[in-house]
Amino acid sequence: ALQLPSEPLRWSGTSPAALWVSPDQWLLIDEVRSVEQLIGYCDAALGEILHNATDSSDALTCMTVEGVGARGLLAMFSGVDCDAGRFAPGQCVRTRMAKVAVLVRAMIDDRFELFVDRSVGPYLEQWLHRAAHDPKLSTLGTIEITAKLVDTGGEFPPNDLYDYAHVMNCLLYTSPSPRDS
């Protein structure tokens, strides 16, 4: 069953994972299903509930920040309290980093996924890499930053009933499959 977190700043599930973005908006991430399959899954799971599932695969990229100093780096350059007791696995938050809107997902103790607009992905990756290795800015230990920009095509299926008015908006992001690595 589709598990949409009802509590703010949470994420749940694995296939798909659902990240809370706002009271009526979730980002769904699936490493198994195609975009078309995920939209069909949403339609079946939500049934008669008015919803709008939008393919955001071409719009978003995901990068990982991990390592001993990952929490410190994120805390230094965002408004997020990244203390392990305050921002733990199972939580996600929208913030700004280097003037870029970012959705941060806490994965495990020192591993975070950052979802950003694809157009600013290379800029943020370079900015984070520079900040993580600048001795004037950080003495937090080793931080590994990885980002892979992957083109995953997809279109929203044509539907004459499609309307911009919606109660729920599920943004869909398909992770690259292992064979794309």
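How many of the 8 residues of strand E5 (residues 60-67) are buried? In this predicted model, 6 of them are, and the strand is mostly covered.

**Strands E5 and E8**

Strand E5 runs antiparallel to strand E8, and 7 bridges join the two. Within this pairing, Glu66 stands opposite Arg111 of E8. Strand E8 spans residues 111-117 and includes Leu114, a residue that is buried at a relative accessible area of 0%. Leaving aside residues up to four places away in sequence, Leu114 touches Thr61, Cys62, Met63, Val65, Leu74, Met97, Val102, Leu103, Val104, Leu124 and Leu128. For one of these contacts, Val102, the separation from Leu114 is 12 residues in sequence, and the C-alpha to C-alpha distance is 6.2 Å.

**Aromatic pairs**

The model contains 2 aromatic pairs. The rings of Phe77 and Trp127 are edge-to-face, because their planes lie at 80°, with the centres 4.7 Å apart. Phe77 belongs to the loop between helix H2 (70-76) and strand E6 (92-97), and Trp127 to helix H3 (residues 121-132), so this pair ties together parts that are 50 residues apart in sequence. Phe77 counts as buried at 19% relative accessibility, whereas Trp127, with a relative accessible area of 21%, is partly exposed; the cut-off for buried is under 20%.

Phe87 and Phe112 form a stacked pair, with 5.9 Å from centre to centre and 5° between the planes. Phe87 lies in the loop between H2 and E6 while Phe112 is in strand E8, so the pair ties together parts that are 25 residues apart in sequence. Both Phe87 and Phe112 are buried.

| Pair | Centre distance | Plane angle and class |
|---|---|---|
| Phe77 and Trp127 | 4.7 Å | 80°, edge-to-face |
| Phe87 and Phe112 | 5.9 Å | 5°, stacked |

**Polar and charged groups**

Asp30 is located in strand E3 (residues 25-30) and is buried, at 0% relative accessibility. Its side chain makes a polar contact of 3.1 Å with the side chain of Ser15. A further polar contact, of 2.7 Å, joins the side chains of Asp30 and Arg33. The charged end of Arg33 also sits over the ring of Tyr41, at 4.0 Å from the ring centre. Elsewhere, Arg105 lies over the face of Trp11, 4.5 Å from the centre of that ring.

**Cysteines**

The structure holds 0 disulfides. Cys82 is buried, with a relative accessible area of 4%, and Cys92 also counts as buried, at 1% relative accessibility.

Terms used:
Residues numbered from 1 in each chain as written. Predicted model: local features only at pLDDT ≥ 70, side-chain atom pairs only at ≥ 80, totals over all residues. Heavy atoms only, no water. Disulfide = S-S within 2.5 Å. Buried < 20%, exposed > 50% of the residue type's maximum accessible area, 1.4 Å probe, protein only. Helix = DSSP H or I, 4+ residues; strand = E, 2+ residues; numbered from the N terminus. Contact = heavy atoms within 4.5 Å. Pairing = 2+ DSSP bridges. Polar contact = N/O pair within 3.5 Å; in protein donor to acceptor, adjacent residues only side chain to side chain. Phe/Tyr/Trp six-rings, centres within 6.5 Å; stacked < 30°, edge-to-face > 60°. Lys NZ or Arg CZ within 6 Å of the ring centre and 35° of its normal.
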